[in-house]
Every structure is written in C-alpha cells, then in structure tokens.
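Open your viewer and get your selection tool ready.

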Amino acid sequence: QTLARFTARNAHPSQPTHMQPKVGLNLSTDIAFLSAVQPLFADGLVEALEWDIDSPWVMGENSGDVPPWIHRLLDLYADDGCLYGHNVWLSMLTAFTSPRHEEWIRRLGQECRRRPYRRISEHHGFMAAGPFVVGPLLPLPYAAEAVQVGRERLAKLAESTATPVGLENLANGISAEDATLQPSFLESMLVPVNGGILLDLHNVFAHSQNLGIPAPELLAGLASDRVYELHVSGGLWKNIEGKPFRFDGHNGPVPGEVFDLIPQALSLCPNVEAVIFERRTNSLHDQADAESLRADYHRLFKIVHSARATASADSKRQANGLLSVSPPPERRFGDRTALALYQNAFIGILGQELPSTEQQHLLQNHPAAESVRDYVANANPRCIAAMSLLVRRWARSEADLAVTGVLPDHTASEAAAHR
C-alpha cells in the first residue's frame, strides 16, 4: 500500500531522451521527507529518482534497514532507465588508496549488479587525510598528481560498476582558482573514462557568493557536453568573521538566484537528462517546511518543462563543440607522497581552532605546502575559517567510527583486528 501511494500515477516514467530532461528527486528515507514528497509522486511529477547509494554505509546501516517498498520503488525507476546513483563518501582525491577505498568500490560494484543505474556519480575533492576517514569535502589545487589520482579512481569505479561514471562540482573552496580552474580540473580527470559532470547549481551559487565571482560566469565555465544531470537545492547562511557565508547544506529553501541559473544551464548543456531536487535528511521540521519543499519542486518542474518546450521547438540543435581541451595543470607536488603530506597538513591545520589568518600562515609556511605557497597565499581567510568550521564539526577518525563506520562490516573487522 505504501508503494502504491508513491507510484499510483507515474509507475512507469519513460526513458530519458535527448534534449528532454526529466525532473526528479534525490530520495531520502526519513518520514518527514517521504510525507512531504508523496503528493508529488501521486501527481505524476517525479520523473526520475536519484539514490545516495553509500548513505546507508555512512549511517552504519545495511540494505535490510531500508524499507522493502523503497527498494521496489528504486527498482521501478531503474527498470525504466530513470534511476541515477549518487555517492559522497569515497574521498575521490585522497592521495593513496586504502582498504576502505577498495571495500567501498567493491560494494558499489555489488550495488550496480543488484539494479541498473543509468549513471553513477561521486564528488570532486577529498575528505580522508591525516587521522580522518570521513568529513567535509575539501578542495585541492589543480595539480598533476591530483589529476592522476582522480583518473585512476574513476577508472576503478567504471570497471567495478560497468556503468557510466561522473563527478559533481565542488562547493567548497579557499581561493578563486578553486572555482575558476575547476572546469579544467574536472575535464582533465574525466577524459580517459569519457566521464560525465553532475552540475550542482547551488554549488555554483555558493562559490559565487563566497569567492566574489559572478555565478553566470562560473556556470559558463562548467557548461559542456559532459553535463548529464543538474542538482538544485538550498543551503544556509552563517556569519563567518562578521559577514554572511553560504554553506551548501541542502537544508533550506532554494534561493531565487539558483532557480535563475536553470535556464542558462539547460541552454548551455544540451545533454542534460535529469534535473534533481535535493533536500537533506531530517531537515524538514514542520508543515511549513514541507509546503516550502513542494513549492520549490513545483517551481523547478515548471522551469524545466518550459525549457523542454523551447528545446523541442529547436529540434535540430546538436550537441557539438562544447568539449574543450583543458590546459594541463601547471602545479606539481613532485610525487604522490608529497600530495598526501599536503593533504595531511591542510586538514590538520584546519582541524585546529585558530584564527583563520594564523591557519593560513601555518599552512603557507608548512614544508608540505612548498610547491603551492602562492595558492595558499591567495586564499581567502574567511573561506579558510569556514572550511575549518566544517572540519571541526564533521571530520571523523577511524576510531570515531569503530562501531558504526562508513562501511560497517569492513570497519568492524578492522577494529576487531586492532583490539
């Protein structure tokens, strides 16, 4: 009966077609979210689904903890080619591969054999370094060694899943080049696997607000034939050193500026298959929040369907000429060990509760940052302060996760081996 309420009027969404992007949801399983979105399903407005594959691993759950009807709902969309797999916790650009990486990739492959995902995505950036195995996604300078790490890990994902793979643009950054060089960084990693881009418009908005670069300019740089999916979400403002700072929390209404970016994105990215609305688990607190979510989704649906009509009227438009040859990275750490040492120093300094200018000074003068001193020198202290807040709030070590863990079965066996 529960499944029927979610599929009564759109049990068989049709296959995505060129220039006809579908509108869908990133599916959360908390009761408040499901109650809020059930009318959208009932009205036939959820044309695609995205599933955070590794979220149950993060929460120390397994497939048995997800209600069976959720799995049947996912299977319905998978069977119609409208299910997209998303992931957060691999730490794509951590310098060295750990047993945790290997187990994560194995489990992802297992999940992709369980049901067919149209595409699989992970995030640009890293979170595992020093004592930490999970935490906020952090930026890296565009450097040859980081590109090579990304290429190798994407190749492993593609091999394990036998599914087209892609990367989501990063919201966090400490300097302008984290935003302006991100398109080249992504392109350089994605070329060998012909990977795609999941273009998160709120991440573009956050970079724009925090780094002082016009959002349309950033969006134009990221736009390409590789973009197959858009994310639309909200976040929150927090006072950082006396000024508002935009955090990508997926925990608030979608800003008008993000809605305004959607037509531009659809115009510049002819291969978009799906536009996915995101709202973080346990972030709906009352009926007003639920009504706000539905209002945002209806507005998104209307914008995308209006863009569909425009695209249909221009049916001869072809996707060509938007893939560019990115300039190779000018920065080099020297080798992968040097990259790892920088990551360890970066996250270690951010983990200390210090003034941002002192953190910047410590990192700039750290031996591990020798090859990227200008990158650190040009960093925005407020952005450093914001990244430090995130690290101190969210970063967790293996010991912290010994019971639940990102990968509970694997982590439990590791913990037992070290007792």
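A salt bridge here is a side-chain nitrogen of Lys or Arg within 4 Å of a carboxyl oxygen of Asp or Glu. Keep in mind that this is a predicted model; by this rule the count comes to 11 salt bridges.

Start by selecting Arg226 and Glu187, whose closest N and O atoms are 2.7 Å apart.

Next, pick Asp75, Glu111, Arg114 and Arg115, which salt bridges with shared partners join into one network. Within this group, zoom in on Arg115 and Glu111: their side chains meet at 2.8 Å, N to O, and both residues are buried.

Now move to Glu273 and Arg119, a salt bridge with its closest N and O atoms 3.4 Å apart. This pair links distant parts of the chain, 154 residues apart: Glu273 is in the loop between α11 (256-268) and β11 (274-277), and Arg119 in the loop between α5 (99-114) and β4 (120-123). Glu273 counts as buried because its relative accessibility is 11%, under the 20% limit.

Finally, turn to the largest pocket, with a volume of about 1700 Å³. Select Val88, Trp89, Gly249, Arg280 and Trp394, which lie nearest its centre among 50 lining residues. Then colour α16, which gives the largest share of the lining, four residues. By class, the lining has 22 nonpolar, 16 polar and 12 charged residues.

Terms used
Residues numbered from 1 in each chain as written. Predicted model: local features only at pLDDT ≥ 70, side-chain atom pairs only at ≥ 80, totals over all residues. Heavy atoms only, no water. 1 Å grid on protein atoms, 1.4 Å probe; cavity = no way out; pocket = protein on both sides within 12 Å on 5 of 7 lines; lining within 4 Å. Points joined across faces, edges and corners; volume = space filled by probe spheres on them. Helix = DSSP H or I, 4+ residues; strand = E, 2+ residues; numbered from the N terminus. Nonpolar A, V, L, I, M, F, W, Y, C, P; charged D, E, K, R; others polar. Buried < 20%, exposed > 50% of the residue type's maximum accessible area, 1.4 Å probe, protein only.
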